[in-house]
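Open your viewer and get ready to select a few residues at a time. We will walk from one stop to the next together.

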Amino acid sequence: MSIEDDDAVSASQNHLVFAYYVTGHGFGHATRVVEVVRHLILAGHDVHVVTGAPDFVYTTEIQSPRLFLRKLVLDCGAVQADALTVDRLASLEKYSETAVKPRASILATEVEWLNSIKADFVVSDVVPVACRAAADAGIRSVCVTNFSWDFIYAEYVMAAGHHHRSIVWQIAEDYSHCEFLIRLPGYCPMPAFRDVIDVPLVVRRLHKSRKEVRKEIGIREDVKLVILNFGGQPAGWKLKEEYLPSGWLCLVSGASDTQDLPPNFIKLPKDAYTPDLIAASDCMLGKIGYGTVSEALAYKLPFVFVRRDYFNEEPFLRNMLEYYQGGVEMIRRDLLTGHWKPYLERAISLKPCYEGGINGGKVAAHILQETAIGKNYTSDKLSGARRLRDAIVLGYQLQRVPGRDLSIPEWYANAENELGQSSGSPPAEMSGSNMLMTSWTEDFEILHGDLQGLSDTMAFLKSLADLDAVYDSGKNDEKHQMRERKAAAGLFNSEEDIFVARAPGRLDVMGGIADYSGSLVLQMPIREACHVAVQRIHPSKHRLWKHTLARQSAKGQGPMPVLQIVSYGSELSNRGPTFDMDLSDFMDEGQPISYGKAKEYFAQDPSQKWAAYVAGTILVLMTELGVRFEDSISMLVSSAVPEGKGVSSSASVEVASMSAIAAAHGLSISPRDLALLCQKVENHIVGAPCGIMDQLASACGEANKLLAMVCQPAEIVGLVEIPSHIRVWGIDSGIRHSIGGADYGSVRIGAFMGRKMIKSIASNMLSQSLSCANGATSDELEESGIELVEAEASLDYLCNLSPHRYEALYAKLLPETMSGEAFLDKYDHHGDSVTAIDHKRTYGVTAPAKHPIYENFRVKAFKALLTSATSDEQLTALGELLYQCHYSYSACGLGSDGTDRLVQLVQEMQHGKSNRGEDGTLYGAKITGGGSGGTVCVIGRNSLRSSQQILEIQRRYKAATGYLPFVFEGSSPGAGKFGYLRIRRRTSPKSQS
């Protein structure tokens, strides 16, 4: 429900004592609390504020004996490595130290304090334990906020491990003790709260006019003024005079006392009253937070913002800011290098259009007063639907993956709140494309290639055709356009051909992590795929984005080759939708830069790190094949392969990108060679230590067949037909998977340690044999065979060692674990170029080394069984091999609760009473890919009953976990089989007339 404003917060006949708890994260919460507290005090109440913010934040605005400040921090918020970077693991660990370990003591102390001040009511913004302390003290409580910490920490938990999960549940439980939530605009999903009351923006009032402020600081009205508001500058950053356009001045908030500033930058005192300065400025440059966004909207100040990675409140506030035409996004690279001019000039051309209320502080104070004296403001009318909406979006939050942050569903963004206005996360609609009714075939002519009946490719071509409508409508109305669509609309030149490639994800049926140890693997390309459209164009004809054009103009070199990329699926997330660079950045003194330098280049800005998968393919082609790119390149990337589910989303992007670039530049690269080149992108530029099977499956696979390959390094054995009576599914566990994670890397290191030790043991055996008199060999070598030991002393791949040889000679000699320091002291190196041993870490050795040796045997048996006679025994044996593989993953430490639960559900189906006395349906399951979550592969009989059992597993998993798993079924051709499309825009009827 919502509360409309009245003229003032009328004084209550009751004198009330409020305890107001303020989170320790930043000043933004304290500044909005000031406005609510000010109105409570004006109504005649006492307010005790529990805060860690400096006194001046409150006393500048409130001078009253009814204000009591208690310096105490009961939570820590998000720990920031610098002004733009959140350290997720450190945030959870600090919260644990601040609020979890001393919880009992905190609750006892707060209950005693609340009783000592005779508190009538507790308000929290948005300290979780305050709600529980109030309940323990028998005092009612309310929260006032636009986000809650259970939502913010949810993604951190998924990144940091399950041992921190209880933090999220505890926070949500604490919040549930408050009566209701006073919800501010720009809000996130908050299902923990029983009821919600929406209020307008809470904004601090102005003390002085624009003219008064400018006169006071000595700045003329005709001087352009930007206020820099980061709450502390990014580490190692030095401001320079040339960062500002000529004639501009910059007010710097939060600068250190020792920081020297150029003459066109003015250092503000720490207690400067920001709202007055904002109103006196022409635009603001800073990071998004509630305080900056609300005051920018309220005073119609254009806001140039830079994304912060992993602060999950940001997408919702950014959506609100852009909806009211108040925001311009600046790339972090341009912030740090001083390329500010195009963004500032773009900002001052905006006309922010927020016309909503800005008196939320007064409205909230009125609600708090009336609730404290007994009035009932809550209503259960819409509570259930609202909490369900919030819970679903919170579920999305739990599935976030590296490089792709929270995306706000359109149905959530469009939800109407009870003010009769759009919600705190206004919609970002694409009005132009929805009105375009013509088919893509009327817009494009296919000059080369075949659609092969693929509906997803048809849809991608339709989206390319739709871009014209977006571009035309975008010239006049930017308010409802998605930013990524607007950027894509101007990406391609209508006079040049466009090249389209497609590459699917893959389901790891057998082989998995044994690929880097040289195993035979069996992979199936899935139905979901990535499409990439590429156009090469002469630099003089390239339509550049404004900041890119300004960067080139500043260099004074004329048109130079530029790479511009738009990635769909990133809108309203902390992954930037666009990336651009001068292709000369890939060159150093006439030669391509090293992969190490490229890795550092893409890591500069976490919101654009995704571009390494795409642009990295260009550098690999330059380095490995000597290709030089003289033309500019435009790329559009659209992937339907879900990220973080262990189905090779990254490989599909790399393979599709390189395939499209190669086609556009007339490069003939075999699918196998292209896969090897894409692996270099992932290993050396992205920095993920994957094997080769992902890229090979995406490049070389065929629909409804298993690609059999021996990864030594990339020998394709052939294609294996899946018999018609057998079916394979993938079921997503909902546990995020990342091959760049520590678990996968440590297991890989352990396997290479084991190989090094086996080679050393075999070499010692040979040395001992040579020392025997008269050249006689030892009994051990006579039994084992000198030639076998010689081969094992120079073992290239663990999978070339048979299981019986491993058990007979080496199993008992390998240590279960070994520290990095001890290993390096004894063996010097482990022989793997894509991982590095940490001296201080202890690694498993036996399990990681044993797994690929046995897995290679299991895969060979699986392949042979597929061609054997059809029988129930055949399916049972295939399923057993999957189960064995799954438990071997777990022995390596690569299991997860979710994947274990899915495998257990398959076993329950297989061995349940309903299956007795009739042919089985499901026969086996295993974790896939890099493990530690992701997708489970299931094998069964190709029948309706099997499909029904998969649906039942979905249902049971959701009942147990709250997450409905996605099911992968179906297959599609690899990039090599698809080839490429060369398309050309048809001449429009208007241009012909």
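Select strand 10 (residues 224-229) and strand 13 (residues 283-287): the two run parallel and are joined by 4 bridges. Strands here are DSSP runs of E, at least two residues long, numbered from the N terminus, and two strands pair if DSSP finds at least two bridges between them. Zoom in on Leu228, whose bridge partner in strand 13 is Leu285.

This is a predicted model, where local features need pLDDT of at least 70, side-chain atom pairs count only at pLDDT 80 or more, and totals for chains, interfaces and linings use all residues. Residues are numbered from 1 along each chain as its sequence is written, and side-chain values use heavy atoms, leaving out hydrogens and water.

Is strand 10 mostly covered or uncovered? Mostly covered: 5 of its 6 residues are buried (under 20% relative accessible area, with a 1.4 Å probe and protein chains only).

Next, select Phe18, Tyr20, Val37, Tyr58, Ile182 and Leu368, the residues with the most contacts inside the largest nonpolar core, which has 64 residues. Such a core is a set of buried Ala, Val, Leu, Ile, Met, Phe, Trp, Tyr and Cys residues joined through side-chain atoms within 4.5 Å.

The structure holds 0 disulfides.

Technical notes:
Buried means under 20% relative accessible area, exposed over 50%, partly exposed in between (1.4 Å probe, protein chains only). A disulfide is a pair of cysteine sulfur atoms within 2.5 Å.
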